[in-house]
Amino acid sequence: MELINLMDSCIFCAIIEGDIPSHSVYEDETTLAFLDINPISVGHTLIIPKYHSSKINQLPISFATSLMQTVHTLTGPIEKAVGANATTIAFNNGSEAGQEVPHVHCHIIPRFEQDGGKSVHSLVESPSHPPLDFSDIVMSIKNLI
Ligand code: AMP
Ligand code: ZN
């Protein structure tokens with residue numbers, strides 16, 4: 001497949017192009033996976049689409065689908081390779097969510113019993129509780145799909 005929609009100023013597009021080196025663990029037509037340069041744990045891997053888009057909701061569905069296929073393919077081997085029984089699999093989707101590199105990437109982070117980490121509920125220190133009940137939120141979301 002021809003590489004489409006890559007961006008000159010993007011560090012992850014440069015990795016796709018081979019202009020910046022990476023510790024690649026997997027590659028196919030539409031995705032690339034490589035070790036995070038600043039790992040939270042051993043085996044911390046990033047999976048990216050070969051398409052520049054900052055957020056998953058702006059990514060063409062075909063790339064989003066193949067990204068998830070690669071997550072599925074790699075999670076077991078990553079866990080096994082580092083002797084982990086669990087992984088945190090996460091997207092920081094937008095700068096307010098902590099995204100620093102504005103090219104969609106999925107973190108696969110091996111987790112260990114003694115690592116002191118917590119679940120995703122620990123990510124937000126000041127949860128917002130707007131005056132909406134669950135049924136209002138359900139309706140709002142459904143009306144926008
Ligand atoms: P995020 O905060 O979700 O945008 O995470 C970006 C991740 O990219 C961080 O975990 C960085 O350590 C990682 N990163 C940045 N530059 C590189 C690079 N050249 N090679 C591998 N990982 C990188
Ligand atoms: Zn990019």
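Here are legends for a few close-up views of this predicted model.

**View 1. The largest nonpolar core.** Thirteen residues make up this core, and the ones touching the most other members are Ile 47, Leu 59, Leu 67, Val 71, Leu 74 and Ile 108. Two elements each give two or more residues to it: helix 2 (61-82) and strand 5 (106-111).

**View 2. Ile 47 and its contacts.** Here we zoom in on one of the core residues with the most contacts to other members, Ile 47. Leaving aside residues up to four places away in sequence, Ile 47 touches Leu 32, Ala 33, Leu 67, Thr 70, Val 71, Leu 74, Val 104, His 105, Cys 106 and Ile 108. There's also a second, separate core of nine residues, and Cys 13, Ile 15, Phe 34 and Ile 48 are among them.

**View 3. Ligand 1 and its surroundings.** Sixteen residues sit around ligand 1, and those that come nearest are Asp 36, Asn 92, Glu 100, His 105 and His 107. An N or O atom in the side chain of Asp 36 is 2.5 Å from an oxygen atom of the ligand. On its own, ligand 1 has 510 Å² of accessible area, and the protein covers 85% of that.

**View 4. Asp 8, out in the open.** Look for Asp 8 in the segment before helix 1 (11-17). Asp 8 counts as exposed because its relative accessible area is 82%, and the cut-off for exposed is over 50%. His 52 is 44 residues apart from Asp 8 along the chain, yet their C-alpha atoms are separated by 9.9 Å.

Terms used:
Residues are numbered from 1 along each chain as its sequence is written. Chains are lettered from A and ligands numbered from 1 in the order in which they are written. This is a predicted model: local features need pLDDT of at least 70, side-chain atom pairs count only at pLDDT 80 or more; totals for chains, interfaces and linings use all residues. Side-chain values use heavy atoms; hydrogens and water are left out. A nonpolar core is a set of buried Ala, Val, Leu, Ile, Met, Phe, Trp, Tyr and Cys residues joined through side-chain atoms within 4.5 Å. Buried means under 20% relative accessible area, exposed over 50%, partly exposed in between (1.4 Å probe, protein chains only). Helices (H or I, at least four residues) and strands (E, at least two) are DSSP runs, numbered from the N terminus. Contact means heavy atoms within 4.5 Å. A residue is near a molecule or strand if one of its heavy atoms lies within 4 Å of it. A polar contact is a pair of N or O atoms within 3.5 Å; within protein, one must be able to donate a hydrogen and the other to accept it, and residues adjacent in sequence count only if both atoms are side-chain atoms. Accessible areas come from the Shrake-Rupley method with a 1.4 Å probe; for residues, only the protein chains shown count as cover.
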